[in-house]
Amino acid sequence: MGEAVRLVVFATAFVSCNALLDLSGVHQVQGTWMGSTTLPCTYIPSEGFTQQTLIWSIERDYSTSTLFRRDDSGDHVLLSQFRDRVSVPKHSPGDASLLIENLEIPDSGHYTCQVIWRSKNNSLITKEVTTTVKVVKVAATKPVIRASEPGLTFPAGARTSLTCVASGSPPISYRWFRSTAGGKALLLSSQAELAWDSLRPSDTGKYYCEAENRVGAGAVQQSDAVELTVRGESPA
């Protein structure tokens with residue numbers, strides 16, 4: 001009778017730990033070409049169970065290959081096309097998520113995270129979760145202007161900057177313009193940030209920026225204009 005009770009208790013504890021060690025992930029991730037994305041693979045660490053092996057594999061064109069492996073000997077990237085582009089957190093127990101940087105179109109595929117745990121009595125538990133990745137090229141979005149300081153009214157001599165922000169596949173190029181009399185625009189900069197070390201009253205005016213990348217036939221996206229006001233006299 002006592003032996004039966006011990007078996008039931010052990011089985012219950014094993015099932016409980018087995019449930020705790022379930023992997024959490026997502027079914028599908030859309031990544032931006034030349035950008036980065038993280039494929040979630042997490043679990044709740046359970047006392048008495050140690051992560052033995054972590055394997056990330058990719059299935060493409062009906063062929064499956066191991067791209068990343070972590071075991072007692074360390075981390076190993078096994079596919080050359082992923083060298084220096086993939087990583088897994090090293091000091092976050094329960095987090096086996098895969099970061100992929102500088103995404104390429106051929107990175108699209110089915111990625112499987114497999115974790116193997118070893119219990120105190122040397123039994124093994126294996127769990128898997130699969131995420132489908134689709135890498136797409138995304139045209140630059142309409143940019144938004146962000147100011148380094150709240151408000152757009154400044155005293156003469158102040159320092160400030162405006163930053164043009166757009167999303168889409170990198171690289172994204174930016175241009176800054178100032179509206180002038182007669183509807184013409186004066187090109188000021190080809191950087192994302194437009195900065196002033198010491199504002200002058202003559203800097204008062206309307207500013208806007210443009211963003212574009214190599215996707216979407218080079219369509220240029222233009223921001224809404226903002227009005228900068230400089231009050232007072234320039235410092236001597």
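Biologist: Is M34 buried, partly exposed or exposed?

Modeller: Buried means under 20% relative accessible area, exposed over 50%, and partly exposed in between (1.4 Å probe, protein chains only). M34 is partly exposed, with a relative accessible area of 27%. This is a predicted model, where local features need pLDDT of at least 70, side-chain atom pairs count only at pLDDT 80 or more, and totals for chains, interfaces and linings use all residues. Residues are numbered from 1 along each chain as its sequence is written, and side-chain values use heavy atoms, with hydrogens and water left out.

Biologist: Which value does phi of M34 take, and where is the residue found?

Modeller: Most residues other than glycine have a negative phi. Phi of M34 is positive, near 75°. M34 belongs to the loop between β1 (28-32) and β2 (37-39); strands are DSSP runs (E, at least two residues), numbered from the N terminus. N102 also has a positive phi, near 50°. N102 sits in the loop between β7 (98-100) and β8 (109-119) and is partly exposed at 40% relative accessibility.

Biologist: What is the peptide bond from P170 to P171, cis or trans?

Modeller: Most peptide bonds are trans. The bond from P170 to P171 is cis, with omega near 0°. P171 lies in the loop between β12 (160-165) and β13 (173-179).

Biologist: What is the strand order in the open sheet of three strands?

Modeller: Two strands pair if DSSP finds at least two bridges between them. The order is β2-β7-β6, with antiparallel pairing. β2 and β6 (86-87) are at the edges, each with a single partner strand, so one side of each has no neighbour in the sheet. Three bridges join β2 to β7, and T38 has L99 in β7 as its bridge partner.

Technical notes
Helix = DSSP H or I, 4+ residues; strand = E, 2+ residues; numbered from the N terminus.
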